[in-house]
Amino acid sequence: MTRPNLNSLLLASTDPARLRAWYATVLAPESDTDVTHYGVLRFGDFHLIIDTRADVADKNPEPGRVILNFDVPDARATAARMDEAGVSWLAELEDRDGSLFATAIDPDGNYVQIIQLSEEHRKAM
């Protein structure tokens, strides 16, 4: 039996162009393309699809419900790029037993975590 593969997430917004530009600027996806009317940002094998929907508010009322986790090779450099773009932080970059974590807030109020795991933590997974 073939198992399902989670390969994308649809992120709805009242201002998809602004949201897409934010993700492209602060996280530098491997590709940023238009597919039909969707903005598709590719991060490794995962696709972040950004679109508009009439049934969402301007700001996410429960941002802790879903947190987008980005595995980054250099969390300090990524956090610096995010700082340059004026990102708001829920939790600034911190070292947690050798792994680096930070949680930013995107323009729609969603939580976006950058993570650089230590080799020890990677082996434990």
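Axes here are lines fitted to C-alpha atoms, for helices over the stretch in contact, and angles run from 0 to 180 degrees between N-to-C directions. The model shown in every view is predicted.

**View A. Helix 1 against helix 2.** Helix 2 spans residues 75-84, and its axis comes within 8 Å of the axis of helix 1, with a crossing angle of roughly 135°. That angle makes helix 1 oblique to helix 2. From helix 1, the residues Trp22, Thr25, Val26 and Leu27 take part, meeting Thr78, Arg81 and Met82 of helix 2.

**View B. The open sheet 5-8-7-6.** Four strands make up this open sheet, in the order 5-8-7-6 and with mixed pairing. Strand 5 (67-71) and strand 6 (88-96) are at the edges; each has a single partner strand, so one side of each lacks a neighbour in the sheet. From one strand to the next the twist averages 15°. Six bridges join strand 6 to strand 7 (residues 99-105), and the pair is antiparallel. Within strand 7, Ile105 stands opposite Ser88. Helix 1 (residues 16-27) lies across strand 5, strand 7 and strand 8 (111-116), and runs at about 15° to strand 8.

View C. Strand 4 covers residues 46-52 and includes Asp51. Asp51 is buried but has no salt bridge; Arg53 is the nearest side chain of opposite charge, 6.7 Å away. A salt bridge would need a side-chain nitrogen of Lys or Arg within 4 Å of a carboxyl oxygen of Asp or Glu. Apart from neighbours within four places in sequence, Asp51 is in contact with Leu10, Leu11, Ala12, Ser13, Pro16, His37 and Tyr38.

**View D. Two loop residues with positive phi.** Thr36 is not a glycine, yet its phi is positive, at about 60°. The loop that holds Thr36 runs between strand 2 (31-35) and strand 3 (38-43). Thr36 counts as exposed, with 72% relative accessibility. Asp97, also not a glycine, has a positive phi of about 55°. Asp97 is placed in the loop between strand 6 and strand 7. With 68% relative accessibility, Asp97 counts as exposed.

**View E. Salt bridge between Glu30 and Arg42.** The closest N and O atoms of Glu30 and Arg42 are 2.8 Å apart, and the two residues form a salt bridge. This pair links distant parts of the chain, twelve residues apart: Glu30 is in the loop between helix 1 and strand 2, and Arg42 is in strand 3. Glu30 is exposed, at 52% relative accessible area, whereas Arg42 is partly exposed at 28% relative accessibility.

**View F. Salt bridge between Asp71 and Arg122.** Asp71 and Arg122 meet through their side chains in a salt bridge, at 2.8 Å from N to O. The partners lie 51 residues apart and link distant parts of the chain, with Asp71 in strand 5 and Arg122 in helix 3 (residues 119-124). Asp71 has a relative accessible area of 53% and is exposed; Arg122, at 33% relative accessibility, counts as partly exposed.

**View G. Further salt bridges.** The count for the model comes to eight salt bridges. One of them joins Glu94 to Arg96, with the closest N and O atoms 3.2 Å apart. Glu94 is partly exposed, at 34% relative accessible area, and Arg96 counts as partly exposed at 35% relative accessibility. Arg20, Asp32 and Asp34 are linked in a salt-bridge network.

Key:
Residues are numbered from 1 along each chain as its sequence is written. This is a predicted model: local features need pLDDT of at least 70, side-chain atom pairs count only at pLDDT 80 or more; totals for chains, interfaces and linings use all residues. Side-chain values use heavy atoms; hydrogens and water are left out. Two strands pair if DSSP finds at least two bridges between them. Contact means heavy atoms within 4.5 Å. Buried means under 20% relative accessible area, exposed over 50%, partly exposed in between (1.4 Å probe, protein chains only). Lys and Arg count as positive and Asp and Glu as negative; His and the chain ends are not counted. Angles under 35 degrees count as roughly parallel, over 145 as roughly antiparallel, 65 to 115 as roughly perpendicular and the rest as oblique.
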